[in-house]
Amino acid sequence: MKCGGVNNNNKFVTANVRTKERSVLMLCSKRSIISSFAHRYRSSHSVHHYKPLLPTDRRMGPLRKKKTRFKVLLMMGTVFVCLLYVIERPFWWDYDALEAPLWNEALETRDDEQHFNYNSSYFVNTVGCKMPSFPVTNEQIQKFIERPEPIDCVPALLEADERWIWFQLSAEDIERHYNVTNASMIQCCIRPFERLTDQEEHQVGNESCFDYPERFTVREEEFVMVNCHHAGARGDPFYWDYFAFVPWKKSIEQRLRSRKDHHPEMVEEKGDRQQQEQKLNVMILGIDAVSRLNLHRQMNQTTDYLLNTLNGIEMFGYNKVGDNTFPNMVPALTGLDIEELGAACLPNASSTFDLCQFVWNKFGAAGYRTVYAEDSSAMATFNYGKKGFRQQPTDYYLRNFFRQMESSVGYNKKLNAKLCLGGRNPTRVLLDYARKLVKTFGAREPVFSLLWAVGMTHDFFNNPSLIDDDYRQVLEFMNEQQRHYLNRTVLILMSDHGIRWGSFRNTYQGMMEERQPFLIFVLPVWFRAVYPAAYHNLRRNRLRLTTHFDLYETLKEFLDLAGLSTESIRERTEELLVAKPIPRGISLFLPIPATRTCEDAGIAPHWCTCHDHKPLAKNDHQVIQAARFAVDRVNHLLLDYPQCSVLHLNSIEDASVGMSPENITAKHKFSDISVRFVTKPGDGEFEATVRIDSNNDSFLTGTVSRTNLYGKQSFCVDDYRLKLYCYCAR
């Protein structure tokens with residue numbers, strides 16, 4: 001940009017200044033303003049070239065000179081007032097004006113390039129967070145990628161939908177897989193069962209039977225056990241299976257009717273669009289231990305359909321807040337960290353979670369049916385090393401169903417999970433249940449559901465590729481076969497963290513990905529038009545630091561959509577701007593401040609990915625100090641457990657120092673040393689971040705992570721936290 005002036009030879013130069021946010025005229029001189037405006041005006045209405053009057057021109061008399069000066073002063077005053085207005089005007093005043101100049105261009109670039117293959121050094125690049133970006137794949141990463149062997153489950157004899165159970169194999173297939181001839185003599189008998197406690201079930205009702213090739217009609221059964229035998233053979237049944245259904249439950253319907261009777265204003269009126277949009281289904285499909293990049297790497301069919309067909313909104317800066325599933329899902333479901341949850345509703349070690357207020361309780365109170373299912377009872381979030389629930393937490397709760405399947409028909413166990421439940425993998429069983437939910441309640445009845453897949457992905461970096469087709473198919477089912485469902489549903493796909501052990505985890509990128517789960521929103525097509533400010537903020541926040549605490553605040557928004565109106569978003573944004581301190585959890589429909597740091601967001605430095613790492617020598621004195629301090633802290637945790645061996649530092653495998661944003665390191669003089677080390681006995685591999693301050697004092701900035709499987713080494717302790725560290729003395 002250049003600015004010229006008038007010299008003694010009366011040479012005249014105009015100025016043309018561009019800005020991205022608004023066109024603001026910059027004044028070079030009084031004469032340049034007069035001529036510039038005059039030129040623009042005449043050029044749009046006349047084909048003649050305009051020659052401005054100059055003070056030296058004889059045609060300009062004293063009166064004209066006074067008028068010219070007055071016009072210049074008036075114009076300068078107008079420009080000054082406009083500048084004041086632009087400076088003082090709140091940024092949220094006009095979302096349409098804000099969207100295009102400030103951030104839409106960057107987002108469109110990423111959208112055009114498949115959401116992740118773009119030329120940028122950072123996933124998040126703000127004042128408070130510099131989150132370095134990584135490739136989905138390259139030559140180094142390719143060394144860890146392999147196509148896993150397909151899960152070899154014997155084909156299931158039976159299949160079911162929301163209403164029927166039927167024989168899906170032909171007579172030839174039955175003979176080949178089950179060594180049974182004359183299929184017409186097969187009879188299958190069904191017996192319902194139900195939950196007593198989290199650890200016990202019992203059979204209810206009468207047994208019902210049907211013969212090959214008939215089908216069985218499901219009425220009020222929720223969980224059923226099926227056994228099949230051959231009438232011509234003596235002995236035990238040759239086939240067992242289990243199915244879960246979604247019956248209309250009288251107690252639930254009475255609760256919902258009672259609520260409507262006490263709140264008649266909540267009854268929807270046909271044709272009233274605002275009333276019809278008051279309640280949206282909320283379905284969360286979770287996949288354990290899958291980072292955002294590994295989702296793209298291993299499940300490209302699913303991500304392609306999510307992002308390009310369903311126009312999903314993907315959070316680039318989603319950062320975990322704890323080690324494993326429990327300390328990450330508790331913030332997402334309660335808004336609390338695990339210490340706060342313990343203080344609120346877990347008075348002692350034997351307490352169950354019944355007194356805790358989860359987000360599904362809020363949806364139930366708002367007139368929703370609620371569903372919670374995990375496809376592994378052995379690794380269930382609230383049961384592994386914990387006491388679970390005395391009363392079932394949601395209207396539909398599948399822990400006991402999967403417990404029966406795992407114990408009776410589960411096989412092909414690899415590490416922690418049985419990868420075959422009868423003739424299906426655990427994820428397939430879970431997603432079949434999702435289809436039944438959609439078909440049973442459809443778009444008419446609001447449902448909050450959390451369906452968490454654990455078994456297939458918990459222990460293996462490459463296993464997500466085995467369930468790519470399953471998720472792609474269930475998304476196609478919702479979008480193409482149940483066309484109205486996604487128009488009345490908020491669909492959320494997410495993870496708790498990335499893979500926590502293995503060879504890839506021990507690389508620098510693997511360490512960062514372990515801290516970066518994925519979060520993708522699919523909203524109804526009309527949402528953007530009805531709630532433009534909220535939608536705008538959600539897309540804007542893709543490039544901001546976000547956490548599971550924010551997800552909880554976002555889920556609560558769907559309880560009352562009136563809070564997403566443009567006027568409400570403006571008011572709440574104004575409150576957020578002046579809030580001191582910045583809230584730990586912020587709805588993703590509000591603008592996440594660019595100044596937000598990991599500390600603001602409730603992320604311990606050990607889990608924070610808002611920095612680059614500089615490698616350190618393994619024999620550096622600070623590295624050795626950090627490793628020894630971490631081992632000492634672990635041994636301190638085990639003091640009250642004499643059955644656990646004292647651990648000793650055996651070797652240091654890797655070390656680095658975190659390079660935090662300048663505004664953080666300027667305030668506090670410290671070094672965050674990340675060190676990966678091995679202990680004896682047991683060859684436990686651990687990772688810790690130790691802060692060493694200017695006084696040479698050491699502090700842990702989070703928990704000590706276990707980066708390899710401990711297996712049965714910790715059989716002598718029940719505390720899920722200590723199982724990571726305890727090596728039981730034999």
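My entries on the disulfides follow.

I was working with a predicted model, in which local features need pLDDT of at least 70 and side-chain atom pairs count only at pLDDT 80 or more, while totals for chains, interfaces and linings use all residues. Residues are numbered from 1 along each chain as its sequence is written, and side-chain values use heavy atoms, with hydrogens and water left out.

Entry 1. I searched the whole structure for disulfides (pairs of cysteine sulfur atoms within 2.5 Å) and found eight.

Entry 2. I looked up Cys129 and Cys610, which are joined by a disulfide with an S to S distance of 2.0 Å. This pair links distant parts of the chain, 481 residues apart, with Cys129 in the loop between strands S1 and S2 and Cys610 in the loop between helix H20 and strand S20. Here helices (H or I, at least four residues) and strands (E, at least two) are DSSP runs, numbered from the N terminus. The S-S torsion is about -80°, so the disulfide is left-handed.

Entry 3. I checked accessibility, where buried means under 20% relative accessible area, exposed over 50%, and partly exposed in between (1.4 Å probe, protein chains only). Both Cys129 and Cys610 are buried.

Entry 4. I turned to the disulfide between Cys189 and Cys209 (S to S 2.1 Å), where Cys189 is buried at 5% relative accessibility, whereas Cys209 is partly exposed at 37%. The torsion about their S-S bond is about 100°, so this disulfide is right-handed.
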